[in-house]
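Hi,

Here is the model I promised to pass on. Have a look at it first, and my notes follow below.

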Protein chains: 2
Amino acid sequence: MSEPRLRAKELDAADGLAAQRAEFLLDEGGGGSGGEAVYLDGNSLGALPAAVPGRVEDVVRRQWGELRIRSWTEEGWWTAPERIGDRIAPLVGAAAGQIVVGDSTSVNVFKAVVGAVRLARSADTAAGPVGSAGPVRDEIVVDATTFPTDGYIAESAARMTGCTLRPVPPSGVPDALGDRTAAVLLNHVDYRTGRLHDLPALTAAVHAAGAYVVWDLCHSAGALPVGLDEHGVDLAVGCTYKYLNGGPGSPAYLYVRAELQDRFDSPLPGWNSHAEPFGMRPEYAPAPGALRGRVGTPDILSMLALEAALDVWDGGVTIEAVRAKSLALTDFFLECVEAYVPEGRVECLTPRPHGERGSQIALRCPDAGDVMKRLIERGVVGDFRHPDVLRFGFTPLYVGFADVERAARVLADVLAEPGT
Amino acid sequence: MSEPRLRAKELDAADGLAAQRAEFLLDEGGGGSGGEAVYLDGNSLGALPAAVPGRVEDVVRRQWGELRIRSWTEEGWWTAPERIGDRIAPLVGAAAGQIVVGDSTSVNVFKAVVGAVRLARSADTAAGPVGSAGPVRDEIVVDATTFPTDGYIAESAARMTGCTLRPVPPSGVPDALGDRTAAVLLNHVDYRTGRLHDLPALTAAVHAAGAYVVWDLCHSAGALPVGLDEHGVDLAVGCTYKYLNGGPGSPAYLYVRAELQDRFDSPLPGWNSHAEPFGMRPEYAPAPGALRGRVGTPDILSMLALEAALDVWDGGVTIEAVRAKSLALTDFFLECVEAYVPEGRVECLTPRPHGERGSQIALRCPDAGDVMKRLIERGVVGDFRHPDVLRFGFTPLYVGFADVERAARVLADVLAEPGT
């Protein structure tokens, strides 16, 4: 047995989270031909938690099929967005009452960025004696390397609030801030490179400029500690289908810091965020608290599938333990790649320092599209990001060290083949 | 047997749609105690189609659990919004390629109303020689009796586009239109009274004023012919969980008339509406066609449940036959209420003329909240709308005439009880 294979055995034997794998349905059929897959694409779509199919069947057959509209009250459908928000809260370092689940990430980015601009302007208006305010806050700063939807939506938010959009690389954000900055939209972990940005320092810099920050947690929530409350984050959004395993297109969430909720002024004030939704009043009056982030009727099937998926976090799994294993997995993957793949064949885009690394490894190689196709054919499932990136996500709840070793070994085999 | 009971028997025997009831799971457990329920709340949440549970189980266990990300292509997840939009299209009189499914009704109202204002302004800009344009179009007219969310969202759309919101009763809309009108948001059927508004005439009036109309089809789609293409409607939205039986909070849809798609400028330009979504480009370039109405990652579980639910329309069920039965059901319900309930005890808010009636009957009675509670206890499920409305929806695909007679009879019993 090769040295990395022996190491994998030892690491798996010492893995305190190894038992969590049983909470997922991973072994029947697999993601590739030839037996069980190594699934390293949980940063795109988390694997199926074992609790989900039964729960969904109950929601469909009994709650919808038999109780029908009574389930809105009797089965807690109506309050699901805030109830499930409170289940996500501890995973991102938030006290209860600050997160609602619903809509897509894109739609929540819109709520959050417009909301942040309005917060900045209302703070300036309230700040001092008349005439003492500085220039109007009319700039939205956005991570220039962001997942595209955040940039498109920020552009729309800028257009609709009379702001200019300023795309800036995250490292340049502190220098770009000023008294015209209204809102800053940043990614906690870069979707392409896996780089982890410095949330505490960047949040403090935005606040020092008198602006409001929106963090996109899609690639960090469920993989590493976020500390929303601790670091005074204003607003945050995230999807639930990556490291939270909510299922394809499961609803996203919106965090609004408790102290800001009274002033949060949503651009999407639907009846679900009304103080008295069944009053059916023609005038809008926003609900107190996180509910203000709701819009229309919540998508119950997907939302309750997510609720069941969150059961995997019960029973003492801590985000700190998940983070420790995540770093061990990515360290070990890099070690195996170095051992197996000829030097220079791939280039690692993900930073080596732990403090700058999310839970994925991005390898650049010129023929990445073709290489990923062959990897998937051999049961090693990652994904390809245009134009030349192999992306491997490591979900500590169900990925083990033997999986990692096998992935690196198969990668080396594929890279050694003629035609790649 | 009473005269209405005999009539019900005859009507059921002659009902060409009676066999469709078998397409739904209605008999196990029921919605109330004491046997099978009479479910007259399909205008709030449609009953469970028999094809749904098996399909959802396949989506969860095999597509998500086994194929995982491969399902985005292999199982057609990615194209579901437009594919399922094309399944809804014939039910609302639209040719293919004009409807996408996704997001809530509220979010789609926002896209449509902002989109309509931008269409109106771009048309004025394009219309004639420089300087020939009239005053800027800065008014949004909205049905003053609308379901609240439409009004709240229209208010937000007005605020964000520099418009004034003008709430007007639908009958007053033609007189309220002028050369400042940008967009008009109307309900095809009023959620409270069940009144059917004159879509062809109101659409023509809006067009004559040079404005753009958005129709909310929540309470008409699947219950009566809409004729979006025939009547030249510009934009339309609707939910799918009422007469389309998509399940609790199933995704809504957006119709953008083919000729307007190139100019449709969405306020929510997410990566799913990009011309090249996997190009991951920082600049937004809208996709051609109806896809331009998409935003974020589609909610697959709910969306594919809806797709299965739409199977009930296959095999020759026409919307014209559904409409004919709907009118027969509501006529018969009024007939039975007149026969059983003492005059003056309830007041019908739904118009009598067929041309002004949707697929529901709204009865006003001062103690409506308490009455509906008792009705539900006896297995007759409608709903209560604040402050004094009993609302009964008639879904022709699974409601029969004996159901209608029983509902009226139980209503009369409840109304005769002391304390009501």
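A bit of bookkeeping before the sheet: two strands pair if DSSP finds at least two bridges between them, and helices (H or I, at least four residues) and strands (E, at least two) are DSSP runs, numbered from the N terminus. With that in hand, Val141(A) stands opposite Val184(A) in β5(A). The strands behind that pair are β3 (residues 139-143) and β5 (residues 181-187) of chain A, which run parallel and are joined by four bridges.

Two sentences on conventions. This is a predicted model, where local features need pLDDT of at least 70, side-chain atom pairs count only at pLDDT 80 or more, and totals for chains, interfaces and linings use all residues. Residues are numbered from 1 along each chain as its sequence is written, chains are lettered from A and ligands numbered from 1 in the order in which they are written, and side-chain values use heavy atoms, with hydrogens and water left out.

**The sheet in chain A**

β3(A) and β5(A) belong to an open sheet of seven strands with mixed pairing, in the order β2-β8-β7-β6-β5-β3-β4. β2 (99-101) and β4 (164-168) of chain A stand at the edges with a single partner strand each, so one side of each has no neighbour in the sheet. On average, neighbouring strands are turned by 15° against each other, direction ignored. (Axes are lines fitted to C-alpha atoms, for helices over the stretch in contact, and angles run from 0 to 180 degrees between N-to-C directions.)

Helix α4 (residues 80-88) of chain A packs on this sheet, touching β2 and β8 (253-256), and its direction makes about 120° with that of β2(A). Contact here means heavy atoms within 4.5 Å. Helix α6 (residues 148-161) of chain A lies across β3, β4, β5 and β6 (212-216), running at about 180° to β3(A).

**How the two chains relate**

Chain B superposes on chain A by a rotation of 180° with 0.0 Å of shift along its axis, RMSD 0.0 Å (least squares on the C-alpha atoms of residues with pLDDT of at least 70 in both copies). That is the relation of a two-fold axis. The same surface serves both copies, as 100% of the contact residues of chain B recur in chain A.

One spot where the chains meet is α9 (residues 300-309) of chain A against α9 (residues 300-309) of chain B: their axes come within 7 Å and cross at roughly 140°. The two helices are therefore oblique to each other (under 35 degrees counts as roughly parallel, over 145 as roughly antiparallel, 65 to 115 as roughly perpendicular and the rest as oblique). Leu301(A), Ser302(A) and Ala305(A) meet Leu301(B), Ser302(B) and Ala305(B) there.

Most residues other than glycine have a negative phi, and most peptide bonds are trans. Arg68(A), in the loop between α2 (52-67) and α3 (71-74) of chain A, has a positive phi of about 50° although it is not a glycine. A cis peptide bond, with omega about 0°, joins His386(A) and Pro387(A), and Pro387(A) lies in the loop between β12 (383-385) and β13 (389-393) of chain A. In chain B, a cis peptide bond likewise joins His386(B) and Pro387(B), with omega about 0°.

Cheers
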